[in-house]
Structures are given as structure tokens and as C-alpha cells.
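Reader: Before I use any of the labels on this model, I want to know what each one rests on. Please set the values against the cut-offs as we go.

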Amino acid sequence: MNRRPTLLAAITLTAAAALTLSACGGDSSKDKDKDKIAGADTGPQKSASPTASASTAADRPKIELPSDLTYTFEWKKTGDKEKDAVLNDREQSIKAVDLAIVHQDPLDKAYLYFYEGEAAAQTQKYIEAYVKAKARTTGAYRYYDEVVNVSDADSASLVYCEDQSKGYDMYLKPKKINKTAVTENSYVLYSTQLSKNEKGAWVVDKLVSQRGSAKCQP
């Protein structure tokens with residue numbers, strides 16, 4: 001998911017399916033070279049199609065983040081049980097990645113609950129980059145313009161925008177917030193493919209992003 005490129009200048013640009021690092025500013029051409037983290041060839045394998053009934057909120061990992069990290073989800077309830085479940089679980093999976101970064105743990109259980117296969121492998125590398133840099137995310141993140149579709153009992157897609165204009169990296173030692181200027185690259189379009197796991201939760205299998213998308217500009 002997803003944050004600043006300033007930490008990871010050494011990471012090479014690879015496949016379009018790689019997760020992006022958020023950028024609030026900087027030169028657009030340079031940002032594109034830093035935006036994406038290389039996806040690993042292997043990762044946690046997708047489980048078989050679930051037969052269990054939909055899990056309750058109590059089954060989800062508990063996600064408690066520092067007060068300096070805030071999220072605004074402008075996603076509207078659809079009235080459809082499965083579509084709303086996709087939106088709810090995606091909210092939690094976004095936060096779970098930041099929680100892993102806060103914990104400085106690339107194998108944090110909360111995010112592993114919500115990511116499988118290709119997306120899990122990419123996300124692990126994304127978190128590892130923050131751990132190596134001894135940094136984490138801070139600030140406010142806004143999510144909007146969602147389009148959710150459920151194609152069958154255990155397959156769905158979600159496209160949405162993220163506003164990173166008030167989100168930053170914070171280096172831990174010494175503690176310093178890297179504030180960057182707002183540019184068109186502060187707005188990112190995401191396309192996700194999700195499946196329902198054996199516990200009935202909607203988990204992310206694939207994630208593609210487009211920084212500076214015209215669709216997401218204010």
C-alpha cells in the first residue's frame with residue numbers, strides 16, 4: 001500500500017503488479033522509478049475455496065495504530081452484504097500493513113491474515129524496506145471513489161483512490177518526519193483482486209496501482 005519513494009531509491013522498477021510506495025511530492029519522472037517494490041516469485045499460497053460461513057468481526061486481527069496515523073474512508077455502504085464485507089475487510093487490510101510497519105515486522109500476523117499469494121509476497125518486501133530504513137508511516141490518508149464488484153461466492157474486485165497529500169514517512173532513529181510537497185503523484189489509483197479465505201474474510205490476492213492517475217486528482 002503504498003507510501004513514499006524517498007526511502008527506497010535503490011529498489012528497481014519491476015512488474016506493474018508491484019505495490020507502490022506513496023509519494024507526496026518530488027519530480028514525477030524520478031518518482032516513477034522509485035514507486036514500485038519488486039514482487040517476489042513465491043509467497044503464501046492461496047487456500048482452497050472456503051466452505052465456512054462468513055466470519056465475524058471477532059475473527060479479525062486486532063489492529064491498534066498510533067494516534068498520529070489516521071484514515072478517512074469515504075466508501076459508501078452498498079446495502080449488499082458481500083460488497084460491504086469487501087469494503088470493510090479492505091479497510092482493515094490497509095491498516096494492517098501500516099501496523100506491520102509500526103511493529104517493524106515483515107511477518108506481522110495481522111497483514112498476513114489479509115494478504116495471500118502475489119500480494120502477500122509483494123507486501124512483505126514493501127514492509128522489509130521500511131524495516132531496513134528504520135522508518136514508518138505517519139499522517140492522514142483518505143480513500144474515495146470506490147467501485148466494488150463481487151463476481152461469485154469467493155471472488156471480488158475493488159478499485160479506489162488514495163489521497164496521500166497529508167501522509168509522510170517518519171524516520172525512527174533519530175525521529176524525523178519527512179514532509180514532502182503535494183503533487184499529482186500524491187493521488188494514487190488502486191485496483192485489487194480479492195478472494196474469500198477459509199475463515200470467510202475477503203483477502204487481497206493481487207494489487208496494481210497507478211500514481212498520478214487523472215481519475216483521482218482533486
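Reader: How do you describe the way the axes of helix 2 and helix 4 cross?

Author: This is a predicted model, and in it the two axes come within 9 Å and cross at roughly 35°. The crossing of helix 2 with helix 4 is right-handed. Helix 2 contributes Val-97, Ala-100 and Ile-101 to the contact, and helix 4 contributes Thr-123, Tyr-126, Ile-127 and Tyr-130.

Reader: What makes the contact of helix 2 with helix 4 nonpolar, polar or charged by class?

Author: The count is 6 nonpolar, 1 polar and no charged residues. Tyr counts as nonpolar in this scheme.

Reader: Why do the end C-alpha atoms of helix 4 agree with the span it should have?

Author: Helix 4 covers residues 117-133. Its 17 residues should span 24 Å at 1.5 Å a residue, and the end C-alpha atoms are 25 Å apart, so the two agree. Helix 2, residues 81-103, stands up to the comparison as well: its 23 residues reach 32 Å from first C-alpha to last, close to the expected 33 Å.

Reader: What lies at the N-terminal end of helix 2 that caps it?

Author: Asp-80 does, with a side-chain oxygen 3.1 Å from the backbone nitrogen of Glu-82. The cut-off for a polar contact is 3.5 Å, and 3.1 Å falls within that limit. After helix 2 comes Gln-104, with a positive phi near 55°. Lys-134, which follows helix 4, also has a positive phi, near 55°.

Reader: Which residues of helix 4 are buried, and what covers them?

Author: The buried residues include Gly-117, Ala-119, Gln-122, Ile-127 and Ala-129. Among the elements that cover the buried residues of helix 4 are helix 2, helix 3, strand 2, strand 3 and strand 6.

Reader: Why is Thr-137 called buried?

Author: Buried means under 20% relative accessible area. Thr-137 has 0%, and is therefore buried. Thr-137 lies in strand 2, residues 135-152. Its side chain joins that of Asp-98 in a polar contact of 3.0 Å.

Reader: Why does Arg-136 count as buried?

Author: Arg-136 has a relative accessible area of 9%, so it is buried, the cut-off being under 20%. Arg-136 lies in strand 2, and a polar contact of 2.9 Å joins its side chain to that of Asp-68. Leaving aside neighbours within four places in sequence, the residues in contact with Arg-136 include Pro-66, Leu-69, Ile-101, Tyr-130, Tyr-168 and Met-170.

Reader: Why is Gln-193 called partly exposed?

Author: Exposed means over 50%, buried under 20%, and partly exposed in between. Gln-193 has 46% relative accessibility, so it counts as partly exposed. Its place is in strand 5, residues 187-196. Not counting residues up to four places away in sequence, Gln-193 touches Ala-156, Val-203, Val-204, Asp-205 and Lys-206. Leu-207 is 14 residues from Gln-193 in sequence and 6.5 Å away in space, C-alpha to C-alpha.

Reader: How many helices and strands does the protein chain come to, and what share of its residues is buried?

Author: The protein chain has 4 helices and 6 strands, and from the N terminus on the elements run α-β-α-α-α-β-β-β-β-β. Buried residues make up 48% of its 218 residues.

Key: Residues numbered from 1 in each chain as written. Predicted model: local features only at pLDDT ≥ 70, side-chain atom pairs only at ≥ 80, totals over all residues. Heavy atoms only, no water. Helix = DSSP H or I, 4+ residues; strand = E, 2+ residues; numbered from the N terminus. Expected span 1.5 Å × (residues − 1). Polar contact = N/O pair within 3.5 Å; in protein donor to acceptor, adjacent residues only side chain to side chain. Axes fitted to C-alpha atoms, helices over the stretch in contact; angles between N-to-C directions. Left-handed = near helix turned anticlockwise from the far one by under 90°. Contact = heavy atoms within 4.5 Å. Buried < 20%, exposed > 50% of the residue type's maximum accessible area, 1.4 Å probe, protein only.
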